[in-house]
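The sequence and the coordinates are shown below.

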Amino acid sequence: MIEIPSDLNPDLVPLAFLLGTWEGAGVADFPGAEKCNFGQSVTFSHDGRDFIEYRSHSWVLDNDGNQIRPLESESGYWRIDKDRKVETVMVRDQGIVEIWYGELADKKPQIDLVTDAVARTAASGPYSGGKRLYGYVKGDLMWVGEKATPEVPLRPYMSAHLKKVVTPEEVAEMARGLGDLPDDGIAFFK
């Protein structure tokens with residue numbers, strides 16, 4: 001279920017499905033880089049202004065699902081206009097700044113983004129642009145990213161399946177909404 005916070009800027013209601021902290025795993029595979037499974041934590045938050053703040057941290061996983069080392073981090077700001085056009089500014093730890101534009105799909109929580117501008121520091125690797133698709137599917141957040149370099153045409157490079165993290169406060173709030181449960185805990189299941 002998508003909840004819309006009462007203090008959310010009204011302009012951001014179409015992006016409310018993104019709000020919260022999401023965690024999960026995915027796969028990274030791009031020519032010239034290590035192919036790996038990765039874990040990811042993503043947070044979309046707001047403070048009442050007309051943007052959503054975005055933070056993502058990912059790390060390489062071993063075959064048992066243990067964290068080995070950081071993979072990449074990025075942060076940014078998302079906005080949407082009255083015509084459902086989305087604009088995003090992102091900064092990546094590799095020394096890349098991107099401006100993305102896209103659109104919220106009609107009648108479904110899905111966003112397609114394409115880079116409009118890319119700026120790189122001297123220390124960053126080759127990168128010329130990308131595409132991303134974010135979708136809210138059966139309560140989960142899924143995304144796939146494509147990227148291009150001067151040597152490699154646009155192709156998929158990362159994708160992940162993320163589940164919403166429920167805080168202890170949210171669990172307590174849900175429990176308050178359950179009403180009176182049987183004392184023994186067994187009668188509930190009969």
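Which residues have the most contacts inside the largest nonpolar core?

## Nonpolar core

The model is predicted. Its largest nonpolar core has 36 residues. Those with the most contacts inside this core are Leu 15, Leu 18, Phe 44, Trp 78, Ile 111 and Tyr 134. In soluble globular proteins, nonpolar side chains tend to be buried together.

Leu 18 illustrates how these residues meet. Residues up to four places away in sequence being left out, Leu 18 touches Phe 44, Trp 78, Ile 111 and Leu 141. Ile 111 also has a place in the strand pairing, with Tyr 134 in E8 as its bridge partner.

## Barrel architecture

Ten strands form a closed barrel, and their order is E1-E2-E3-E4-E5-E6-E7-E8-E9-E10. The pairing is antiparallel. From one strand to the next, the twist averages 25 degrees.

Strand E6 (residues 96–104) and strand E7 (residues 110–120) run antiparallel and are joined by nine bridges. Within this pair, Tyr 101 lies opposite Val 114 of E7. The hairpin of E6 and E7 has five residues between the strands, and Lys 107 adopts a positive phi near 65 degrees there. On the next pairing, E7 and strand E8 (residues 129–137) are antiparallel over five bridges.

E8 is joined to E9 by nine bridges, again in the antiparallel sense. Gly 129 has Ala 148 in E9 as its bridge partner. Two residues separate E8 and E9 in their hairpin, where Lys 138 in the turn has a positive phi of about 50 degrees. Strand E9 (residues 140–148) then pairs antiparallel with strand E10 (residues 155–164) through eight bridges. The bridge partner of Met 142 in E10 is His 161.

## Glu 72 in strand E4

Is Glu 72 buried or exposed? Glu 72 belongs to strand E4 (residues 67–80). Its relative accessible area is 12%, and Glu 72 is therefore buried, the cut-off being under 20%.

The side chain of Glu 72 makes a polar contact of 2.9 Å with the side chain of Gln 94. Neighbours within four places in sequence being set aside, the residues in contact with Glu 72 are Ser 56, His 57, Ser 58, Arg 92, Asp 93, Gln 94, Tyr 157 and Met 158.

## Thr 115 in strand E7

Thr 115 is located in strand E7. Its relative accessibility is 17%, so Thr 115 counts as buried under the 20% cut-off.

Terms used: Residues numbered from 1 in each chain as written. Predicted model: local features only at pLDDT ≥ 70, side-chain atom pairs only at ≥ 80, totals over all residues. Heavy atoms only, no water. Core = buried A, V, L, I, M, F, W, Y, C linked by side-chain atoms within 4.5 Å. Buried < 20%, exposed > 50% of the residue type's maximum accessible area, 1.4 Å probe, protein only. Contact = heavy atoms within 4.5 Å. Helix = DSSP H or I, 4+ residues; strand = E, 2+ residues; numbered from the N terminus. Polar contact = N/O pair within 3.5 Å; in protein donor to acceptor, adjacent residues only side chain to side chain. Pairing = 2+ DSSP bridges. Axes fitted to C-alpha atoms, helices over the stretch in contact; angles between N-to-C directions.
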